[in-house]
Amino acid sequence: MGSLNSYVLKRRMRKWWKYLVVLIFLLAVYFGGFLHISGNISTAPPSDLSRNTMKEVFALQRQIKLLKSVLKQYSIPEKEYSDVLLPVIYVITPTYTRPQQKAELTRLKSVFLHVPALHWIVVEDAPKKSQLVSNFLESSGLTYTHLHQSTPQEWKLKDSDPKWRKPRGVLQRNAGIRWLRSKFAHDASPRGVVYFADDDNTYSVELFHEMRDTHKVSVWPVALVGGVLVERPLVESNGQVSSWLAGWKADRPFAMDMAGFAVNLSLLLNKSGVEFSIDAPIGFQESVFLEKIITREELEPKADLCTKVYVWHTRTEQPDLKQEIRLNKVGKHTDEGIEL
Ligand code: UGA
Ligand code: MN
């Protein structure tokens, strides 16, 4: 009996030892970290590494403070950026290889990093994923999916073609939509928003705040597009979009650029097979797509009833590479061993 008691006692002790060790470990971690961050109360001089880590922690804390004050300035409530249950914004971006590609993607990344619950679907117009885009996304700090889908040669613009001659980014956006369809194949009503963001436009952080709450399709003005300063939906006093203010074909069913609307994820996925069509009449890409999923009366005007601009249809100038071409002819490449 006595040996049984001591056996039970020993077992319990062993169990308690385990708890004690875990507790000591946790206390050590807590106080170690605390002393570390609260300014070197520990006597050992910090190594360069820990000094840098501390500096980074302080810098990040300052940034959080700054960002919170910016969000406050725009009256964005705290639950908007701290709530993990936010509907995710799936941003689909077609992109293709050219000297300024990384610069374009970098501009987008800099904005997207400020947007909570954003999932970037980047679709390269290429027969396979490039190293440049793979590396870029891997180190971006963003949640992303990297796809590729090449445009067949007959649908590609020739150098001599005017830009509007062939549609651009169509098959890539469809690849993004298909990825979403397969991701949510077993989810009847996933929460989320889908936005088609070309890689050369200029997006503001506020734009994503506006589209977050999209029940069907939300719309807003787009600047510097269609030959005018701003193309925008006109909103009646009852809050409905009645028509469009546009320079070019304002009587299109939806006279909007791709950058001017976002779609509720469930709505898009539940309209089976809805995609962009490569052979839509020139300039009617958006209208043909939206007609399949929504009516004008159902549109949700955002950006203060479409009176604010949060996105610009900017275009990047072709870089002047005359000197590079000259150097290439004599075997010199300024980008040798360096990625741009
Ligand atoms: C305008 C609209 O803003 C686009 O949304 C629309 O797709 C396009 O017209 C059209 O008519 O097809 P625009 O500025 O003229 O856009 O077009 P780009 O910015 O040159 O291209 C749109 C997207 O497609 C970009 O993200 C671009 O990177 C991508 N793209 C372009 C490709 O994936 N492959 C290409 O060969 C060219
Ligand atoms: Mn563009």
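The shell around ligand 1 comprises eleven charged, four polar and four nonpolar residues; Asp, Glu, Lys and Arg count as charged, Ala, Val, Leu, Ile, Met, Phe, Trp, Tyr, Cys and Pro as nonpolar, and the others, Gly among them, as polar. The model is predicted: local features need pLDDT of at least 70 and side-chain atom pairs pLDDT 80 or more, whereas totals for chains, interfaces and linings use all residues. Residues are numbered from 1 along each chain as its sequence is written, chains are lettered from A and ligands numbered from 1 in the order in which they are written, and side-chain values use heavy atoms, without hydrogens and water.

Pro94, Lys163, Arg168, Asp257 and Arg315 come nearest among the 19 residues around ligand 1 (near: a heavy atom within 4 Å). Strand E1 (88-95) and helix H6 (170-183) each contribute at least two residues to this shell (DSSP runs of at least two residues for strands and at least four for helices, numbered from the N terminus).

Polar contacts are pairs of N or O atoms within 3.5 Å; those below pair a side-chain atom with an oxygen atom of ligand 1.

| Residue | Distance to an oxygen atom of ligand 1 |
|---|---|
| Arg168 | 2.6 Å |
| Asp257 | 2.7 Å |
| His313 | 2.9 Å |

Of the 690 Å² of accessible area that ligand 1 has on its own, the protein covers 90% (Shrake-Rupley method, 1.4 Å probe).

The manganese ion (ligand 2) is coordinated by Asp200 (OD) and Asp200 (OD) at 2.2 to 2.6 Å; donors are N, O and S atoms within 2.8 Å of the metal (3.2 Å for Na, K and Ca), and water is not among the atoms, so sites may look incomplete. Asp200 lies in the loop between strand E4 (192-196) and strand E5 (202-203).

Conventions:
A polar contact is a pair of N or O atoms within 3.5 Å; within protein, one must be able to donate a hydrogen and the other to accept it, and residues adjacent in sequence count only if both atoms are side-chain atoms.
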